[in-house]
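Visitor: I am new to this structure and would like to understand how its descriptions are reached. Could you show it to me before we talk?

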Amino acid sequence: MKKFKRISILLLVTLMLVACSGGGKSEENKKLVVYSPNSEGLINAVVPLFEEKTGIKVEVISAGTGELVKRIQSEKENPYGDVLFGGTYTQYISNKDLFEPYVSKEDANVVDEYKNDTGYITYTVLDGSVLIVNKELTKDLKIESYEDLLQPELKGKIATADPSNSSSAFAQLTNILLAMSPDDDYMNDVAWDYVGKLIQQWDGKIQSGSSSVYKSVVDGEMWVGLTYEDPVAKLVKDGAKNVEIVYPKEGSVFLPAGSGIIKNAKNKENAELFIDFLLTEEVQNIFGSELTNRPVRKGATTGDHLKDYSTLPLIYEDMEYVYQNKTQLVERYTKLFAELQ
């Protein structure tokens, strides 16, 4: 009987040790470190839901994309982060050695133009170059295209940031060059002739940054702005009645924001789950309906503040070309701007 008790006690102790050991390992495996430049709204829409669905505890470290990429570089030998959630094509392609190859099992559900063709960048949302128009101040004008911006009444009334130091303004420049070129050539003289005419319409007025562009139109200081979809959609969603989004007839370029798994991530399996999660129907519907981030998933739901993607006049940027030739494009713009002042 005593022998039986001793065996039972030993067995119980052994089971407790195994349980404690297994529990510790399980907790360690239920961790994910996410670096993200995204807005608080976007992070809060994704991370708590991912934790709820998976039981994985997420630590979020927020900073600008450039700062986070530098951190990943400095931690290269011993990475702390597992995923970079956010950032542009350029930021990934110029740091491809910092990311693990991974193509999500959800990639087949992404619209064809934004599937993972690099092997390591998973595009999650899109943002397009658009016009913000003050409906009250332009009620006697038709503004449906880039060509319409050359109307004499709009001289000095068009808000823009500087393409040489604003990413959204540079995106507008390349969108315009592609849209106004007869042969899809970013260096085509016809397209650059239009850019020169548009610069003259600005009348020397350049906004201090991208947010100043749409704010100046909402406040009535300017009539039209060269901007991007997300903040204007948010204004419309939040009830701004005096402005609307115009997608130029010549075509809007939508550029993707991506995510990637950090090279040698300590929680790689959880990182893969997170990347998959970002492309699920549930999350993509949240992006398009509850937020103002245009989803990349086919058939994802969007709210009334976003027009259906399939109805938009779209053109597609050669992202690799623009990445390789950005300096040349900026220099040509800067020289042209200076000549016209």
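Visitor: What makes α5 the helix with the largest share of the lining of the largest cavity?

Guide: In this predicted model, α5 gives four residues to that lining, the largest share, while α5 (167-180) and α6 (189-202) each supply at least two. Helices here are DSSP runs (H or I, at least four residues; strands are E, at least two), numbered from the N terminus. Residues are numbered from 1 along each chain as its sequence is written. Local features need pLDDT of at least 70, side-chain atom pairs count only at pLDDT 80 or more, and totals for linings use all residues, with side-chain values taken from heavy atoms, without hydrogens and water.

Visitor: How do you know that Q172 and W202 line the largest cavity?

Guide: On a 1 Å grid over the protein atoms alone, a cavity is a set of points where a 1.4 Å probe fits but cannot get out, and lining residues have an atom within 4 Å of a point. Q172 and W202 are among the residues listed as lining the largest cavity, as are T160 and Y333.

Visitor: Why is K155 called partly exposed?

Guide: Buried means under 20% relative accessible area and exposed over 50%, with partly exposed in between (1.4 Å probe, protein chains only); K155 has 46%, and is therefore partly exposed.

Visitor: Which residues does K155 touch, not counting those up to four places away in sequence?

Guide: K155 touches Q200, Q201 and D203, where contact means heavy atoms within 4.5 Å.

Definitions and conventions: 1 Å grid on protein atoms, 1.4 Å probe; cavity = no way out; pocket = protein on both sides within 12 Å on 5 of 7 lines; lining within 4 Å.
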